[in-house]
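Welcome, and thanks for taking a look at this protein chain.

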Amino acid sequence: MKVSAIELHRVALPLVRPFETSFGRQVARDVLLVRVRSNVGDGWGECVAMADPVYSSEYVEGCEAVIRDYLAPALLAAGDVTAKSVAGLLRFVIGHRMAKAAVETAVLDAQLRSEGVSFGQYFGAVNEAVDCGVSVGISDSIDELLDEVQLYVDAGYRRIKLKIKPGWDLEPVRAVRELIGETLLQVDANTAYTEADIEHLGRLDDFGLLLIEQPFVEDDIATHVTLANAIATPVCLDESILNAEVAIDAIQRGATSIVNIKAGCVGGYLEAVRIHDVCAELGVPVWCGGMLETGIGRAANVALAAMENFTLPGDTSASDRYFAEDLTEPFVLVDGRLSVPTGPGSGVEVREDLVAALSSRRVLTLR
Ligand code: NPQ
Ligand code: MG
């Protein structure tokens with residue numbers, strides 16, 4: 001295709017309830033959307049960056065700037081573009097994986113819509129629906145936490161993930177384990193611990209957790225190896241997984257025996273598929289993470305999660321876990337699962353009227 005214009009839309013979506021993690025409390029999703037216009041039609045991509053650089057070094061205004069000043073000019077200057085050629089065209093920019101992922105996904109959506117191929121077909125999905133888990137934020141009290149977890153259990157979620165941090169770990173995990181019985185349970189520390197906490201984290205072994213996600217900072221693979229050797233609970237990397245090469249290295253060093261794949265964080269769905277494939281070759285199961293995506297990003301995640309080696313439930317929750325109104329038709333949980341869209345491209349339609357109504361500033365159009 002020939003890319004003729006790239007639009008940047010900025011939308012503020014209120015969350016149905018605040019979401020607290022070890023890096024802060026979110027009350028709204030400040031989301032950057034990329035629309036690629038081309039001679040074969042349009043496509044959308046959602047950028048997973050947060051408003052502030054507190055989860056990763058990327059953040060919305062930074063993503064906007066790098067797309068405006070570097071990524072969009074490169075795509076607009078290129079001749080024939082396909083999703084497979086995007087990473088190469090953008091390789092001259094170092095890092096900025098979240099910004100690149102949004103752009104590549106928009107190109108992929110436009111391309112597949114014009115070819116009549118769904119994301120699921122393109123990725124090689126083998127399932128028509130995916131098992132869903134839910135990520136539960138840090139609460140003000142254990143009672144409030146148990147109320148929220150009960151809501152999700154009643155809604156049918158097949159796995160609960162608790163956010164933990166120093167001072168909010170053993171007791172909430174113990175209480176939730178008692179509440180949910182055998183239901184799958186895992187924890188996510190979002191880098192809140194240090195090597196000095198290894199003995200403490202070993203006490204989580206009592207609770208039969210599926211895994212502990214990213215206890216230490218993203219560039220510290222070595223301490224994750226030490227922890228993995230010291231405790232029975234499997235260690236799973238999230239923030240550390242920057243691309244397939246880092247995933248292979250972390251697996252071979254024994255830092256991670258399960259991998260959380262977030263396409264929006266690793267540079268896009270093509271890299272995510274690569275990570276899925278190398279993990280499968282190495283016998284490492286994967287699951288699909290989430291970044292509070294609207295229906296636009298959620299649709300692509302659900303298609304990715306339908307690949308064969310995504311054997312654990314993902315953070316692919318229903319739209320109503322986060323939003324009262326989604327930017328696409330809502331994703332609805334049926335028996336703890338979400339259906340993989342079957343239409344061309346992402347398979348969902350963007351509610352352009354709603355995007356416009358919720359926009360926090362004018363659309364920026366790059367030509
Ligand atoms: C994780 N996601 O697995 C992330 C953390 C996270 C579902 O737990 C705005 C944008 C708010 C991205 C809050 C889940 C966010 C965000 C938490 C990502 O580590
Ligand atoms: Mg995580």
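**A first look**

Four strands make up an open sheet, in the order β3-β2-β1-β13, with antiparallel pairing. At its edges are β3 (41–47) and β13 (364–366), each of which pairs on one side only. Please keep in mind that this is a predicted model. The points below start with this sheet and then move on to other strands, the cores and the salt bridges.

**The antiparallel sheet and its helix**

- On average, neighbouring strands of this sheet are turned by 25 degrees against each other, direction ignored.
- Strands β1 and β2 run antiparallel and are joined by 14 bridges.
- One place to look is E7, whose bridge partner in β2 is R35.
- Helix α1 (residues 60–77) lies across β1, β2, β3 and β13, and its direction is at about 160 degrees to β1.

- Strand β7 (residues 184–188) is largely enclosed by the rest of the structure, because four of its five residues are buried.
- With strand β6 (residues 159–163), β7 pairs in the parallel sense over five bridges.
- To get from β6 to β7, the chain passes through helix α6 (residues 170–180), and this β-α-β crossover is right-handed.
- In this pairing, I160 stands opposite L185 of β7.
- Strand β7 also pairs with strand β8 (residues 212–213), again in the parallel sense, over two bridges.
- There, D188 stands opposite E213 in β8.

**The nonpolar cores**

- The largest nonpolar core has 111 residues, and those with the most contacts inside it are I6, I67, L162, L204 and L304.
- Which residues does I6 touch, leaving aside those up to four places away in sequence? They are V34, R35, V36, A72, L75, L76, L364, T365 and L366.
- Another core, of 15 residues, lies apart from the largest one and includes L13, L15, L327 and L354.

**Salt bridges**

- Side chains of opposite charge can pair when their charged atoms come close.
- In this structure there are 28 salt bridges.
- One of them joins R10 to D30, with the closest N and O atoms 2.8 Å apart. R10 belongs to strand β1 (residues 3–21) and D30 to strand β2 (residues 24–38), so this pair ties together parts that are 20 residues apart in sequence. Are these two residues buried or exposed? Both R10 and D30 are buried.
- R113 and E349 also meet through their side chains in a salt bridge (3.3 Å, N to O). This pair links distant parts of the chain, 236 residues apart: R113 is in helix α3 (residues 97–115), while E349 is in the loop between β12 (337–339) and α12 (352–357). R113 is partly exposed, and its relative accessible area is 24%.
- K262 and D238 form a salt bridge whose closest N and O atoms are 2.6 Å apart. K262 sits in the loop between β10 (258–261) and α10 (269–281), and D238 in the loop between β9 (235–237) and α9 (244–252), so the pair ties together parts that are 24 residues apart in sequence. Both K262 and D238 are buried.
- Through salt bridges that share partners, R159, K161, K163, D188, E213 and D315 are joined into one network.

Terms used: Residues are numbered from 1 along each chain as its sequence is written. Chains are lettered from A and ligands numbered from 1 in the order in which they are written. This is a predicted model: local features need pLDDT of at least 70, side-chain atom pairs count only at pLDDT 80 or more; totals for chains, interfaces and linings use all residues. Side-chain values use heavy atoms; hydrogens and water are left out. Buried means under 20% relative accessible area, exposed over 50%, partly exposed in between (1.4 Å probe, protein chains only). Two strands pair if DSSP finds at least two bridges between them. A crossover is right-handed if, with the strands pointing away from the viewer, the path from the first strand over the helix to the second runs clockwise. A nonpolar core is a set of buried Ala, Val, Leu, Ile, Met, Phe, Trp, Tyr and Cys residues joined through side-chain atoms within 4.5 Å. Contact means heavy atoms within 4.5 Å. A salt bridge is a side-chain nitrogen of Lys or Arg within 4 Å of a carboxyl oxygen of Asp or Glu. Axes are lines fitted to C-alpha atoms, for helices over the stretch in contact, and angles run from 0 to 180 degrees between N-to-C directions.
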